[in-house]
Amino acid sequence: MDDADPSEIRVSPQVDAPEDGPPLERIEPVFTVYETRVEDERLVYYGDPLISPEQVTPELWSVFQEAGYELQFTTRHGEFVLVAEPESESDGGFPWTNVILLFLTVLSTLFAGSLWYHIDPFTNPMEMWRAWPFTVAILGVLGVHEMGHYVMGRYHDVDASLPYFIPVPTLIGTMGAVIKMNGRMPDRKALFDIGVAGPLAGLVATVAITVVGLHLPPVTAPESVVQDPNAVQIQLGYPPLLEMLATTFDRPLYRDDPATTVNPVVIGGWVGMFVTYLNLIPVGQLDGGHILRAMAGSYQETIAALVPGVLFGLAAYLYYVSGYGINSVLIWGIWGVLTAIFASIGPAQPIHDDRLGAGRLLLGILTFGLGALCFMAVPIAIIE
């Protein structure tokens, strides 16, 4: 038998899989690997896809997730690459940051609430504790909203943090609360369920707190405040949902005496409704953006592009046509800018992009309908 010409021999290089990564046998039916590297904690696989490039991530995502990695399919210098990043894991320690922010938000909402109860927090700081019903109402609606996201995230195996409350010296003492979601959404069902859980859970808490507040005694400003020529009057717009609850339980929202207002716990319910409406604006990473992306797919981005113009138009109409002052309409101008930024960032992109079933579509429509009941054209009017 003649010896073969060495120049014609082709030997496939031996490729070793990184120790912590998935076995190559599970990768190579989809992606032929010819080189692997470890860069810090990331695993990098160079190779060629055996299927359409758009399908590589959906096919291999669960393989890497089982090994504890988040997968990204990309190119480097013209070569196809799989980059596997270790999933972030909680250290299991005490959540000091969450607790400290919660404590500071309790203080900031007590401060803001004391003003609604006509308690001077500067001359009587030890009396701020009397505003605790307001603090419970605010933290209740915000906390339940975020815990709705948290619980549903855990249900779908999406890593989620506990809520981070944001203490800010505003009229309500906070800028809300957020949770952090790590990693990509596995599919549209998870994206929808996590997105819709917050507004629906928050609305349940909001309705309960509002009903309690409507049955509590109103608050009357002291004569010194009524007679003060430098006092600033703040008027809240009431959304249809709040009006409906007040009518159902026969509790007045408007009174003949301008010095008498609803109990501040009702304002906590008002905050819950306003937060629900803002979160359901269908752009970017807002809850409404998640829900609509899950329902409508890529059409969500077309709808989101129209939202900033609608909000700017609303602000212009209220200012130029309805005659409201700049303080009353500025909020929609600000949100016009914010939604333009959110829309440019874009929505979450689920790994598996299969359509939702009819049940979730109907629930999504219902959720947006409930959000519409929380809309106020002029949420806050400041009269000097």
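**Close-up views of the predicted model**

**View 1. The loop between H3 and H4 carries His118.** Helices (H or I, at least four residues) and strands (E, at least two) are DSSP runs, numbered from the N terminus. In this predicted model, local features need pLDDT of at least 70 and side-chain atom pairs count only at pLDDT 80 or more, whereas totals for chains, interfaces and linings use all residues. Residues are numbered from 1 along each chain as its sequence is written, and side-chain values use heavy atoms, with hydrogens and water left out. His118 has a positive phi of about 60° although it is not a glycine. Its relative accessible area of 32% makes His118 partly exposed (buried means under 20%, exposed over 50%, partly exposed in between; 1.4 Å probe, protein chains only).

**View 2. His77 occupies the loop between strand E3 (69-76) and strand E4 (79-86).** Although not a glycine, His77 has a positive phi of about 50°. With a relative accessible area of 84%, His77 is exposed. Most residues other than glycine have a negative phi.

**View 3. The largest nonpolar core has 53 residues.** A nonpolar core is a set of buried Ala, Val, Leu, Ile, Met, Phe, Trp, Tyr and Cys residues joined through side-chain atoms within 4.5 Å. Phe134, Trp270, Ile281 and Trp332 have the most contacts inside this core. At least two core residues come from each of H3 (96-116), H4 (132-155), H5 (188-214), H7 (240-248), H8 (264-279), H10 (299-321) and H11 (326-345). H8 gives the most, with nine residues. Apart from this core lies another, of 16 residues, among them Ile27, Leu43, Tyr45 and Phe73.

**View 4. Trp270 has contacts (heavy atoms within 4.5 Å) with residues including Leu236, Met376 and Ile380.** Trp270 also touches Gly237, Tyr238, Pro239, Leu242 and Pro379, not counting residues up to four places away in sequence.

**View 5. The largest pocket has a volume of about 1500 Å³.** On a 1 Å grid over the protein atoms alone, a pocket is an open set of points where a 1.4 Å probe fits, with protein on both sides within 12 Å along at least five of seven lines; lining residues have an atom within 4 Å of a point. Grid points are joined across faces, edges and corners, and the volume is the space filled by probe spheres set on them. Of the 47 lining residues, Met175, Val275, Leu278, Asn279 and Trp335 are the closest to the pocket centre. H11 gives the most to the lining, with nine residues.
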